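Hello,

Here is the structure you are taking over. My notes on what was found in it follow below.

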Amino acid sequence: MTLKRTLTLAAVALFAAGGAAQAQISDNVVKIGVLNDQSGPYSDLAGRGSVVAAQMAIDDFGGKVHGAPIQLLSADHQNKPDVGANIANRWIDVDHVDAIVDVPTSSVALAIQDITRKKDVVHLNSTAGSSDLTGKDCSPTMVHWTYDTYAQAHGTGTALTKQGGKTWYFITADYAFGHALEHDTAEAVKEAGGKVLGSVNAPFPTADFSSFLLQAQGSGANVIGLANAGTDTINAIKQAHEFGITKGGQKLTGLLTFISDIHSLGLPTAQGLILTDAWYWDHDAASRAWAKRWSQKMGGGRMPTSVQAGVYSAVMHYLKAIDKAGTDEAKKVVATMKSMPIHDMFTQNGHIRADGRMVHDMYLVEVKSPAESKYPWDYFKILRTIPGDEAFRPMDKGGCPLVQASAGK
Amino acid sequence: MMWIAAIAALALAAPYAVYPIFLMKALCFGLFAVAFNLLLGYTGLLSFGHAAFFGFAAYVTGHAMKEWGVTPELGILAGVAVAAAMGLVFGLLAIRRLGIYFAMVTLALAQMVYFYCLQAPFTHGEDGIQAIPRGKLFGVLPLDDMYVLYYVVLAIFAIGVWIVWRAVHSPFGQVLHAIRENEPRAVSLGYKTERFKLAAFVLSASLAGLAGATKTLVFQLASLTDVNWHTSGEVVLMTLLGGMGTVLGPVAGAFVITTIENYLADIGAWVTIIQGIIFVLVVTLFRRGIIGEALAFVERRRRQ
Amino acid sequence: MVTFFGVPIQALMGQLLLGLINGASYAVLSLGLALIFGLLNIINFAHGAQYMMGAFVAWMLLTYAGINYWLALLVAPLVVGLFGVLIERLLLHRLYKLDHLYGLLLTFGLALIMEGLFRQAYGISGQSYDPPQMLQGGVNLGFMFLPLYRGWVVVVALAVCLAVWAGIEKTRLGALLRAATENPALVRAFGVNVPLLITGTYGFGAALAAFAGVLAAPLYSINPLMGSNIIIIVFAVVVIGGMGSILGSVLTGFGLGLVEGLTKVFYPEASSTVIFVIMAIVLLIKPAGLFGRAN
């Protein structure tokens, strides 16, 4: 063996051993923190189920990337932005967490967005709805994975109007979120050739919607849109059933309703409701297989929501990007994530735009009647697949500074 | 004096040992609880709506600094001024009723403020006001430096506590004490007790506003959490737990509750349950609170 | 069509009826609060949690034991009432010699514990409870479609309120209760077991809250926070009515339900705050409340 060859081999070995593992993976460990609501309104939607989903992604990936172990942390932000900010700051400054994942409720998500942008840490958001995360508040280290209020509103508004729901009446939660949801949906309805007959602003929270439902019923609109969320939506749907609204021929749609809400309502009450969701566990073989594995790990009895599946998909893609980029440096990893298409049990044709929006198909679904449902959690029939480019807000309309920067180049 | 020097030294050195953001949060809640205790501990009035002053001042400060670009000291001043004005209105209505009614009236009024904050455009609903720039205090001190910020917050805290201390140990404080012990007697001595109660209420509301405004600087956000009635309940808990017989007792309570909230964050709904259990335990067994019990213990030892 | 400020009279009647139905739960809840306050001089902050427990117990009875609505209407208040008796015996009775504020604080702590435990056990997205078979569907009243169950709620709530009022005004036990409220020492001197009377009253107040909870179970999503949302409104109702009279608290409950119902038609944005605004006005004009005695 010549000296030169020995030296080359040594250099290669050195590069392989030290370079990949130590020089580029900070602290020689990749730490992922799931920060969400584990006791409040979003605990069934995301909660512990998201932590399990993230752990599954880490296990399926093999537990290590470039020889560095992958660790999972989790915490409950109690839906308080200062508690969330405190945990995130501590995770980043003390524990050196590389990515913060899930983060429901927009007040906490926007606070985390600000922190991760400043401290250069990855933020993979699945459960928060605010479209501002990829609009005026976008960040080069953030990817918004599963849905946003614009896509929910636009998807439902467009698809349902095209299906024949020409006239609309809104029951709107009287605060910024509700108004945004109504505004985005109304815009889509008008674009698709429909007409908005009126709306009523219900205070948030409201337990008794009967008065507003009566006003909506009296409007004679084809579709009653519920621009609210959580318990308010559940109560409104329950009472709409009580007053026989859907039996009277009007369609009811929850603009921000998830499968966990349907489960809570039960099919007898929720049947006929129309909604848009980003993913459905019973959609195809891959999603079913994953959902069953998840359900087992959760102790059975539940099926995953779209945002829990989104957490799995996002973490998996993040790890793949670290593997490809050979570093866990936030901006580089996210840039790599944006360069790779997403093809997994969550989506067949996903891609991440410059503003951080993961674009994928959404589904307009109708809740089955008890007679149509054959097995537990057999809740949805898919009315229409909404192509990602139709559902999500066009990049130039969001006002994300990153987009203007890249367009200027 | 030894005590004060020791506490001061501890407070000055603390950020090098404990996570500064956590300390600042605890200091803000500590000041909030001290302000609240001026009413509960020293006047005998239980307000169940103090979150309104704390949270609304946070919004005002955040809005002034982010949208109008004012300096931190002006932002805080604006928050405190609005909290004082609110305190005047609340106080005028609430002191018309006594005892339990007083608590319910303040709770209901605070709930109105909460609904207003939910609907008003300037608070940005559930998003809250985010990414508020910290700016430079008096145009020179850069508050983005964690340590500078800490000492500023510590100074604000010290000033706030000092004001309460002065108020309690002044003739004004003596009258409040007399009202707490026996209001009819204070009236018969010729004091216009309503005015004193109102003054105490406004002072308490202003300082609660100061605490909320300072918290905005620390977290750079203002949100609905701080105007929610749960926050009103928390400050009652902090005060009870720490001990309402002393000026600094509520601070101890604030540190304990903040610690529970932040470091036991993995256990979800248990945080609420633990808070409830502490409530029940303190009310039934340790009504003097941590500091009160500790002082009593020291006193017993000295007598032996 | 006849209209009233631009709203058809018929629609208005429907809305008033709905308001009355909501007023029914305010009335039953404020009745329980007033009873407890009258004798114990404490504000029962756990009232909302007991209301929530009533709904949950009804749901648990159905889910785990197959016990139907009608039985639950009796059993759930009994269970929660006994729970109330325990609370009074073990905790509250230690506080009577102290400032009444401690009672408020203790019950607030208890409310947090109950809410937290149910959150821990059942999450927050809520459970669903169907009205009994007999009361499903509805009748067309001409001006509106009235679900049978809502009609039942108004009738039974009114009946319960009247029965409690009559019980207190017309029976010997009621007379004792009124006397004990006025002067406990004197009543004790007559050989009446006042502590027992107090325990029973707290238990009965808690049972009334649970009864309102069972009535609400088929109407709303049963979730751990349902109590804390309604209790603050009921506090305002109580402040407006003044807690001096039983009938007064019932009338105020129904009346404010109507006012709230009208607000939902004419200015829906304010329907969550209208009761608080009325409270502020009443405080300015008549600080003791509409039916209260000056203190």
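**The sheet in chain A**

In chain A, β1(A) and β3(A) run parallel and are joined by 7 bridges. One pairing between these strands sets A:Asn36 against A:Asp76 in β3(A). Please keep in mind that this is a predicted model.

The whole sheet is open and has 6 strands, in the order β2-β3-β1-β4-β5-β6, with mixed pairing. β2 (64-65) and β6 (142-144) of chain A each have a single partner strand and stand at the edges, so one side of each has no neighbour in the sheet.

Helix α2 of chain A, residues 47-61, packs on this sheet. α2 of chain A touches β1 (30-36), β3 and β4 (99-102), and its direction makes about 160° with that of β1(A). Helix α12 of chain A, residues 306-325, lies across β1, β2, β3, β4, β5 (122-125) and β6 of that chain. The angle between α12 and β4(A) is about 155°.

**A helix pair in chain C**

Two packed helices are described by the angle between their axes and the distance between the axes. For α2 (residues 47-65) and α8 (residues 194-216) of chain C, the angle is about 50° and the axes are 7 Å apart. That angle makes α2(C) oblique to α8(C). The crossing of α2(C) and α8(C) is right-handed.

Residues that α2(C) brings to this contact include C:His47, C:Tyr51, C:Met52, C:Gly54 and C:Val57. Among those they meet in α8(C) are C:Ala206, C:Ala209, C:Phe211, C:Gly213 and C:Val214. By class, the residues of the contact of α2(C) with α8(C) are 13 nonpolar and 4 polar, with no charged ones.

**Where chain C meets chain B**

Which elements give two or more residues to the side of chain C that touches chain B? In total, 33 residues of chain C are in contact with 33 residues of chain B. The elements in question are α4 (101-122), α9 (226-241) and α11 (274-285) of chain C. Of these, α4(C) gives the most, with 15 residues. This side of chain C has 22 nonpolar, 7 polar and 4 charged residues.

Regards

Methods: Residues are numbered from 1 along each chain as its sequence is written. Chains are lettered from A and ligands numbered from 1 in the order in which they are written. This is a predicted model: local features need pLDDT of at least 70, side-chain atom pairs count only at pLDDT 80 or more; totals for chains, interfaces and linings use all residues. Two strands pair if DSSP finds at least two bridges between them. Helices (H or I, at least four residues) and strands (E, at least two) are DSSP runs, numbered from the N terminus. Two residues are in contact if their C-beta atoms, placed from the backbone, lie within 7 Å. Axes are lines fitted to C-alpha atoms, for helices over the stretch in contact, and angles run from 0 to 180 degrees between N-to-C directions. Ala, Val, Leu, Ile, Met, Phe, Trp, Tyr, Cys and Pro count as nonpolar, Asp, Glu, Lys and Arg as charged, and the others, Gly among them, as polar. Angles under 35 degrees count as roughly parallel, over 145 as roughly antiparallel, 65 to 115 as roughly perpendicular and the rest as oblique. A crossing is left-handed if the near helix is turned anticlockwise from the far one by less than a right angle, and right-handed if clockwise.
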